[in-house]
Amino acid sequence: MSRYRELVQHRLAVHHAGIEMRLARAREQEAFVLQVERKLSAGGWDYRMGMTPNFGVVFTVFLRRLPSDGQFQAVREALLACGEVECEMAGNQRQLHVSNRAEPGIGCRVVFDGDEYGC
């Protein structure tokens with residue numbers, strides 16, 4: 001085999017390993033993410049689910065039903081049933097980081113569309 005083909009095979013092996021690692025992460029977090037999604041759906045909140053390139057899940061909740069503070073607190077309290085919930089700031093926007101109590105490293109973020117208040 002030529003050196004060129006060896007390099008191509010090596011590069012493909014590296015990409016394949018990265019894909020396998022991301023797929024394993026997706027499998028590990030699936031049950032938790034579905035639990036958070038069910039909780040948001042049960043609460044009747046309008047939301048969109050997205051994913052970062054590294055398979056980080058981000059829920060965007062649209063602030064429509066209640067005043068901003070009331071909806072934020074209601075979502076926060078509902079998600080406590082799923083795991084630990086911490087408030088974080090990204091610029092002027094509140095975010096919730098929801099993490100699995102049983103499996104460290106498994107979690108997701110919840111951001112609020114149109115929110116410009118502090119934690």
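Which pattern does the protein follow, read along the sequence? It is α-β-β-α-β-β-β, and here is a friendly tour of this predicted model.

**View 1. The whole chain, from helices to strands.** The protein has two helices and five strands (DSSP runs numbered from the N terminus: H or I of at least four residues for helices, E of at least two for strands). Its radius of gyration is 19 Å, well over the 14 Å that the globule rule gives for 119 residues, so the protein is more spread out than a compact globule (C-alpha atoms are used, and the rule is 2.2 Å times the number of residues to the power 0.38). Along the principal axes, the C-alpha atoms fill a box of roughly 65 × 30 × 20 Å.

View 2. Val57 lies in strand E2, which covers residues 57–62. With a relative accessible area of 4%, Val57 is buried (under 20% is buried, over 50% exposed and in between partly exposed, with a 1.4 Å probe and protein chains only). Leaving out residues up to four places away in sequence, Val57 touches Gln29, Val33, Met49, Gly50, Met51, Cys108 and Arg109 (heavy atoms within 4.5 Å).

**View 3. Val57 and Val110 across the sequence.** These two residues are 53 residues apart in sequence and 8.6 Å apart in space, C-alpha to C-alpha.

**Notes for all views.** Residues are numbered from 1 along each chain as its sequence is written, and side-chain values use heavy atoms, without hydrogens and water. Local features need pLDDT of at least 70 and side-chain atom pairs count only at pLDDT 80 or more, while totals for chains, interfaces and linings use all residues.
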